[in-house]
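Trainee: Could we go through how some labels are assigned, setting each value against its definition?

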Amino acid sequence: MLNKPEDKNIAILTGEYCRLDDVFELKDKIIELDLGCGKGSFATKLARRYPERMIFAADVMIGRLRKLQKRNDREGISNIYPLRVEAKHLFSMIPDKTLTRLHILCPDPWPKGRHRGNRLLCSDFCAQLHRALKSGGSFHFSTDDVPYHDIVRRVISASRLFEEQNALPADLAEIKSDFEIRWNEQGKKVYHILWTAKANIKYTSAH
Ligand SMILES: C[S@@+](CC[C@H](N)C(=O)[O-])C[C@H]1O[C@@H](n2cnc3c(N)ncnc32)[C@H](O)[C@@H]1O
């Protein structure tokens, strides 16, 4: 992948390990992460609404991040931080209790059995999500795929790290991602779930 001059505002976090707080000043900030942001309309709407917050928008696809960055430049939005990074690599870089809210919206459901390993959400990723969230921080997930919705809900519940909430807060209910807009236009419903990260969890490993 070749970097273009206009990529100067996209952090390319591949290859060697570093911590996110080596790259960005994270102290005392309200930080939200739109993981697998695609073209990133959701992140843009959040950033406009909360100009004092840091909104990270992460995706593996540089082309999508370029579209997001162009929109930021056009609209003069300066509190979105596009990250070109693979999700699991990113989570290995995020210090404990950093994120106030994490959004994983309409991720690819990979319905075929042989592709399931590509899913963003699986049981061994839950502890990483919990560790990166502040206590009481929110994990917001959406999908149009009912079987995937049910599996993610079961996996998160089985982890015992999160508390499921009854409804989305009003600000999130009002903002749709690009894929939610697309699915709605095709007459498909998108289901949202919000969990909060439980406090005082001791991580244990099986022997
Ligand atoms: C179906 S799109 C959804 C985009 C956006 N969240 C929305 O709702 O409009 C899924 C996005 O996740 C990204 N993605 C898939 N696997 C990823 C991974 N392991 N790490 C980072 N991004 C990933 C894809 O490149 C794609 O842009």
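Mentor: Let us begin with burial: buried means under 20% relative accessible area and exposed over 50%, with partly exposed in between, using a 1.4 Å probe and protein chains only. This is a predicted model, in which local features need pLDDT of at least 70 and side-chain atom pairs count only at pLDDT 80 or more, while totals for chains, interfaces and linings use all residues. Residues are numbered from 1 along each chain as its sequence is written, and side-chain values use heavy atoms, with hydrogens and water left out.

Trainee: Why is Phe24 called buried?

Mentor: Phe24 has a relative accessible area of 14%, and because buried means under 20%, the label applies.

Trainee: What makes the contact between the side chains of Arg101 and Glu32 a polar one?

Mentor: A polar contact is a pair of N or O atoms within 3.5 Å, where, within protein, one must be able to donate a hydrogen and the other to accept it, and residues adjacent in sequence count only if both atoms are side-chain atoms. The side chains of Arg101 and Glu32 are joined at 3.0 Å, so the contact qualifies. Arg101 itself is buried, with a relative accessible area of 9%.

Trainee: How do you know that Arg53 lies over the face of Tyr50?

Mentor: A charge sits over a ring if NZ of Lys or CZ of Arg is within 6 Å of the ring centre and within 35 degrees of the ring normal. Arg53 is at 3.7 Å from the ring centre of Tyr50, and Lys88 has its charged end 5.3 Å from the ring centre of Phe125, over that ring.
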